[in-house]
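Which aromatic rings pair up here, and where do charges sit over rings? The report below takes these contacts in turn.

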Amino acid sequence: MKYYVLIFGVFLGIISCSENEALKIVEEEVNVLKIFSKEEMHSAFTDLAYFKGDFYCTFRVAKKHVGDDGLIYLLTSKNSKNWKFVKSFRVEGVDLRDPKFMLSEDLQILYLHIGGSIFRNGEFVTHNQFVTQSQNGKEWETPNLINIKDKWLWKPILYNNLSYSIGYKAGEELVFYKSSDLINYNFEKTINLDPSGILTEAAIAKSHDTLYAIVRKNYPGSYFGISKKPFHEWKWVQLDRVLGGPNIMKIDNRILISGRTYIDSEDSDCRTKTFLGEIIGDKIKILHILPSGGDTGYTGMLYKDNMLYISYYSGISGCLNTNDNFTEVYLAKIKL
């Protein structure tokens, strides 16, 4: 494992958010640790949790970005520095990917939601999605098959013992789902947003009686949504940046987001970057660009003891490696 201490100073380029406003990188210390690398393997699509005194990181490991039978790896750490392997999840004939943690509100059960794709002769056939749980983080139940197959439930969240998720299928409208057992999801409502540019990955965060969502839309920009309990209605605003693999978290009065975005001032091979940002109105203020490039992003976010932890993956370190089928998993720590 290699440990970096990175101090971001003056950012050479300016990221334009409108003709009259420019946002610059915040000058602040960021610690970045490489926590997993497997030679010639694509390690990606991360998430983070803190459960019963231990940190957990999960991600997919496969030979390539799409089409292989991916495995889901689970690592743990006492101090966020030294990580060890716990176990892997595999389902024969299914490309597992996009693992997402959920923590029960009494903090006694850690759930893991896992997406899966089935291919035949290189062609996509259908989705399979699973959920498993653990009471100690080390021993896990056999994954249970979820009932939804026509939409990808990308990042469910628990609220008052119910699971909520926004499901997508590229080129179609988004759907808001609810479940009482994390296995059988029921249709709640269609989310009507402009379909041009393709609506896909949707992450949800909670705070008190409110849900916050960030939705990936390739062009002209992603969507940010807010819904009050009982979550029958959503208010949406279109943001000024394109995001991939987005994540969202509310800390005090701030809405923080992370994922992959594009920095036009960089060379074409290096313009994709994993970032931390903040939503202000209909703008995304870039706070940090993390060491990344090429195939990158898909962050986990965890806030503990005034420290924000962000897991992510990247195929390029300093734009030296252009083999995007070889990617590694990193953990950034940012003092807020």
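The charged end of Lys-304 sits over the ring of Tyr-50, with 4.6 Å to the ring centre. Lys-100 does likewise with Trp-154: the lysine lies over the ring face, at 4.1 Å from the ring centre. Both contacts come from a predicted model.

Next, the ring-to-ring contacts. The count comes to 20 aromatic pairs. A pair of aromatic rings is described by the distance of the centres and the angle of the planes. Two pairs are set out here.

| Pair | Type | Centre to centre | Angle between planes |
|---|---|---|---|
| Phe-45 and Tyr-298 | edge-to-face | 5.0 Å | 70° |
| Phe-89 and Trp-140 | edge-to-face | 5.9 Å | 90° |

Take Phe-45 and Tyr-298. Phe-45 belongs to strand E5 (residues 42–51), and Tyr-298 belongs to strand E26 (residues 296–304), so their pairing ties together parts that are 253 residues apart in sequence. Both Phe-45 and Tyr-298 are buried.

Now Phe-89 and Trp-140. Phe-89 is in strand E8 (residues 84–89). Trp-140 is in the loop between strand E11 (123–134) and strand E12 (144–145), so this pair ties together parts that are 51 residues apart in sequence. Is Phe-89 buried or exposed? Phe-89 counts as buried because its relative accessibility is 4%, and buried means under 20%. Trp-140 has 12% relative accessibility, so Trp-140 counts as buried.

Tyr-159, Tyr-164, Phe-176, Phe-231, Trp-234 and Trp-236 form one aromatic cluster.

Definitions and conventions: Residues are numbered from 1 along each chain as its sequence is written. This is a predicted model: local features need pLDDT of at least 70, side-chain atom pairs count only at pLDDT 80 or more; totals for chains, interfaces and linings use all residues. Side-chain values use heavy atoms; hydrogens and water are left out. Rings of Phe, Tyr and Trp (its six-membered ring) pair if their centres lie within 6.5 Å; planes under 30 degrees apart count as stacked, over 60 as edge-to-face and the rest as tilted. Helices (H or I, at least four residues) and strands (E, at least two) are DSSP runs, numbered from the N terminus. Buried means under 20% relative accessible area, exposed over 50%, partly exposed in between (1.4 Å probe, protein chains only). A charge sits over a ring if NZ of Lys or CZ of Arg is within 6 Å of the ring centre and within 35 degrees of the ring normal.
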